[in-house]
Each structure stands twice: as C-alpha cells, then as structure tokens.
Amino acid sequence: MEIQIRQLVEPEGPLVDTMTGWMYQWWGQREGYTREAVWQYVRYSCQRDRLPRTYGMFLGQRLIGMYQLRLEDLFVRPDVYPWLANVYVDPAFRGRGYGRMLLMSVRENARRLTGFDELYLYTTHEGLYEPFGWQLAGEIDTHLEGARRQRLYRLKLE
C-alpha cells in the first residue's frame, strides 16, 4: 500500500476524531484536559494557510500518524517559534519505519511557512531527531509535571 503524508484542513470528521483519541490518551488526560477540549485543540489545528497546521500519514486510506507545526508549544519559551509538535505514530504501526518517513517530511513542509528559517521541538528523546538534521540547542526546564528537564532542538530550514 502507498504511504502519503498530507496536510489536513477539514476541521471535523473521523480523522479529527482519531487524532483526538491519540492526543487525549497520550497527553490530554495526564495534563487534565477533557476529551472535548482536546477535540477543539485538534480541530482548530487543521488550518490551510496559517499556523497551526496538521499533517497526517496515510497507509492507503488509513490514518496511521501525524505531526503539527505550531506557533507555540512550550509556555515557558515564547521566544522561540515555530514548533514541531505532536509527532505520533499509531502504536499498531510502530517499529516499521513510519516515524522516519514522517520526520523526513517535516523540513519540506516547514519550508512552506513564510518568514521562518528554523523550527524547534522539545523532547526527552536523545538520538531520535539528530539523524534528520535537528541540532541540540540545550536543555530546558519545561516546568511540566513529570519530565521537567527536556532537550530543546533546532532545525535549520534553509
């Protein structure tokens, strides 16, 4: 089956419901959000010509992964933007190289954003993003419950 990564711009329907389920299970519950709040978050992240933008990975017609490009993702660092956020592959499809395919598409999609020459992300992962050109910008205190100390990465888009 063919793999496609495409921007999602329909703010309702089964794709938004699937992504809402992923995000709610992954971080929504832990951070105290209702499922409805996460649904609103995902719904309004499906913008066509401005940020935030959501990209879905499809195996045939089935949505199996996603990521977002956002103006903000970490409250304590409003000075850096835009961000790569919510990189996610459905657990049933992990370990097959789909995350690699998602990450390989980020730079090209981010280059379509007007006026930006770099992209940021924060993570607890080490070694996951470096093969795709991400450079460690330093460690940060996120002030989030759980893993407060995380790694801040930068990707040059030029």
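Asn86 counts as buried, at 10% relative accessibility, where buried means under 20% relative accessible area, exposed over 50% and partly exposed in between (1.4 Å probe, protein chains only). The model is predicted, so local features need pLDDT of at least 70 and side-chain atom pairs count only at pLDDT 80 or more, whereas totals for chains, interfaces and linings use all residues. Residues are numbered from 1 along each chain as its sequence is written, and side-chain values use heavy atoms, with hydrogens and water left out.

Asn86 is found in strand S4; helices (H or I, at least four residues) and strands (E, at least two) are DSSP runs, numbered from the N terminus. The phi angle of Asn86 is near 55°, a positive value in a residue other than glycine. His143, in the loop between strand S6 (135–141) and S7, also has a positive phi, near 65°. Two cis peptide bonds are described here. One joins Leu51 and Pro52, with omega about 5°, and Pro52 lies in the loop between H2 and S2. A cis peptide bond also joins Tyr81 and Pro82, with omega about -5°; Pro82 is found in the loop between S3 and S4.

The largest nonpolar core has 24 residues, a nonpolar core being a set of buried Ala, Val, Leu, Ile, Met, Phe, Trp, Tyr and Cys residues joined through side-chain atoms within 4.5 Å. Tyr67, Leu69, Leu84, Tyr98, Val106, Leu119 and Trp134 touch the most other members. At least two residues each are supplied by S2 (53–59), S3 (62–70), S4 (83–89), H3, S5 (118–123) and S7 (149–156). H3 gives the largest share, five residues. Apart from this core lies another, of 15 residues, including Leu8, Trp22, Phe58 and Tyr88.

Ser105 is found in helix H3 (residues 98–111) and, at 14% relative accessibility, counts as buried. Its side chain makes a polar contact of 2.9 Å with that of Tyr67; a polar contact is a pair of N or O atoms within 3.5 Å, of which, within protein, one must be able to donate a hydrogen and the other to accept it, and residues adjacent in sequence count only if both atoms are side-chain atoms. In helix H2 (residues 35–43), Val38, Trp39, Val42 and Arg43 are buried. Seen down the axis of H2, these residues fall within an arc of 135°, so they line one face of the helix; the arc is that of the directions from the helix axis to the C-beta atoms.

Eleven aromatic pairs are found in the whole structure. Rings of Phe, Tyr and Trp (its six-membered ring) pair if their centres lie within 6.5 Å, and planes under 30 degrees apart count as stacked, over 60 as edge-to-face and the rest as tilted. Trp26 and Tyr88 form a tilted pair, 5.5 Å centre to centre with 40° between the planes. Because Trp26 lies in helix H1 and Tyr88 in strand S4, the pair ties together parts that are 62 residues apart in sequence. Trp26 is partly exposed, at 37% relative accessibility, whereas Tyr88 is buried, at 10%. Ring pairs link Trp22, Trp26 and Tyr88 into a cluster.

Arg94 lies over the face of Tyr88, at 5.1 Å from the ring centre. The charged end of Arg6 sits over the ring of Phe58, 3.7 Å from its centre. A charge sits over a ring if NZ of Lys or CZ of Arg is within 6 Å of the ring centre and within 35 degrees of the ring normal.
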